[in-house]
Amino acid sequence: MRIPFLSLFPALFLTFFLTAHSPPSSIYDHLKHNGLPIGLLPKGISDFSIDPTTNRFHVNLTQPCNSEFEIQLHYDFNISGVLSFGKIANLSGVSQQELFLWFPVINIRVDDPTSGLINFDVGVVDKQFSLSLFEIPRDCTAFDPKGSLSISQKPSELLGTEIVEEHMLRAIS
């Protein structure tokens with residue numbers, strides 16, 4: 001009677017091993033696997049891909065949208081970057097609002113997970129936020145292109161009393 005039990009052991013071990021070591025199945029799993037909070041990306045992801053050799057990912061949303069909590073983030077249709085442990089580098093498709101301007105988020109990193117802080121590199125400065133803000137993916141509302149100014153806009157496109165020097169826009173972007 002020991003023979004049937006012993007013949008089942010390799011099958012059970014293989015099933016357990018494949019289940020425990022299967023690759024992440026969603027972009028949120030990839031974020032978690034790399035020590036990043038899953039709420040860095042919003043709800044509404046329609047498709048994603050990741051290159052296993054470079055860790056470069058591409059995410060497609062159903063629509064460009066804004067997610068607002070303690071900070072306001074804008075997500076384009078397409079978001080891409082390179083994942084490594086505690087970091088997303090070469091990020092494109094995500095912007096963060098400061099006052100009335102939108103700044104592209106270039107890198108996101110968690111230097112020390114025990115600090116409870118996450119850093120957003122927006123080109124001119126690093127912004128620190130609480131990791132707890134990004135624990136869960138947020139709802140994202142349809143983007144209103146007339147709602148705020150973007151640093152990618154030309155000064156001639158700015159409306160109202162806002163005056164931004166063209167050389168400042170070039171220096172930031």
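This is a predicted model: local features need pLDDT of at least 70, side-chain atom pairs count only at pLDDT 80 or more; totals for chains, interfaces and linings use all residues.
How many cavities of 30 Å³ or more does a search of the whole structure find? The search finds one.

## The chain as a whole

The protein chain has 173 residues, of which 33% count as buried. Its secondary structure consists of three helices and 11 strands. In sequence order, the elements follow the pattern α-α-β-β-β-β-β-β-β-β-β-β-β-α. The chain exposes about 10900 Å², and carbon and sulfur atoms supply 60% of that area. Contacts across the sequence may also be described: among those between residues at least 6 apart, 40% join residues at least 24 apart.

## The cavity

Rolling a probe the size of a water molecule over the atoms shows where empty space is left. In this model, the largest cavity holds about 50 Å³ of space. Its lining is formed by Leu-40, Leu-41, Phe-57, Leu-73, Tyr-75, Ile-79, Ile-88, Leu-91, Val-94, Ile-108 and Phe-120. By class, the lining has 11 nonpolar residues, with no polar and no charged ones.

## Residues of strand E4

Three further residues of strand E4 deserve attention: Gln-72, Asp-76 and Ser-80.

Is Ser-80 buried or exposed? Ser-80 counts as buried because its relative accessibility is 8%, and the cut-off for a buried residue is under 20%. The side chain of Ser-80 is joined to that of Arg-56 by a polar contact of 3.3 Å. Apart from its neighbours within four places in sequence, Ser-80 is in contact with Arg-56, Phe-57, His-58, Asn-90, Leu-91 and Ser-92. Of these, Phe-57 and Leu-91 are also among the residues that line the largest cavity.

Gln-72 has a relative accessibility of 17% and therefore also counts as buried. When neighbours within four places in sequence are left aside, the contacts of Gln-72 are Asn-66, Ser-67, Ser-95, Gln-96, Gln-97 and Trp-102.

Asp-76 is partly exposed, because its relative accessible area is 33%. A polar contact of 2.8 Å joins its side chain to that of His-74. Beyond its neighbours within four places in sequence, Asp-76 is in contact with Leu-61, Pro-64 and Gly-93. The C-alpha atoms of Asp-76 and Pro-64 are 4.5 Å apart, and the two residues are 12 residues apart in sequence.

## Residues in loops

Several residues in loops can also be placed. Asn-55 lies in the loop between strand E1 (45-50) and strand E2 (56-61). Leu-99 is found in the loop between E5 and strand E6 (101-104). The loop between strand E8 (117-121) and strand E9 (126-130) holds Gly-123, while Cys-140 is in the loop between E9 and strand E10 (141-142). The table gives the exposure of each.

| Residue | Relative accessible area | Class |
|---|---|---|
| Asn-55 | 25% | partly exposed |
| Leu-99 | 76% | exposed |
| Gly-123 | 42% | partly exposed |
| Cys-140 | 18% | buried |

Which value of phi does Asn-55 have? Its phi is near 65°, a positive value in a residue other than glycine. Leu-99, which is not a glycine, likewise has a positive phi, of about 55°. Leu-99 counts as exposed because its relative accessible area is 76%, and the cut-off for an exposed residue is over 50%.

Gly-123 and Val-105 are 18 residues apart along the chain, and their C-alpha atoms are separated by 7.3 Å. Cys-140 and Pro-42 are 98 residues apart in sequence, with a C-alpha to C-alpha separation of 6.2 Å.

Which residues are in contact with Cys-140, leaving aside its neighbours within four places in sequence? They are Pro-42, Lys-43, Cys-65, Asn-66, Ser-67 and Tyr-75. Among them, Asn-66 and Ser-67 are also in contact with Gln-72, and Tyr-75 is one of the residues that line the largest cavity.

Note on methods:
Residues are numbered from 1 along each chain as its sequence is written. Side-chain values use heavy atoms; hydrogens and water are left out. On a 1 Å grid over the protein atoms alone, a cavity is a set of points where a 1.4 Å probe fits but cannot get out, and a pocket is an open set with protein on both sides within 12 Å along at least five of seven lines; lining residues have an atom within 4 Å of a point. Grid points are joined across faces, edges and corners, and a volume is the space filled by probe spheres set on the points. Ala, Val, Leu, Ile, Met, Phe, Trp, Tyr, Cys and Pro count as nonpolar, Asp, Glu, Lys and Arg as charged, and the others, Gly among them, as polar. Helices (H or I, at least four residues) and strands (E, at least two) are DSSP runs, numbered from the N terminus. Buried means under 20% relative accessible area, exposed over 50%, partly exposed in between (1.4 Å probe, protein chains only). Contact means heavy atoms within 4.5 Å. Accessible areas come from the Shrake-Rupley method with a 1.4 Å probe; for residues, only the protein chains shown count as cover. A polar contact is a pair of N or O atoms within 3.5 Å; within protein, one must be able to donate a hydrogen and the other to accept it, and residues adjacent in sequence count only if both atoms are side-chain atoms.
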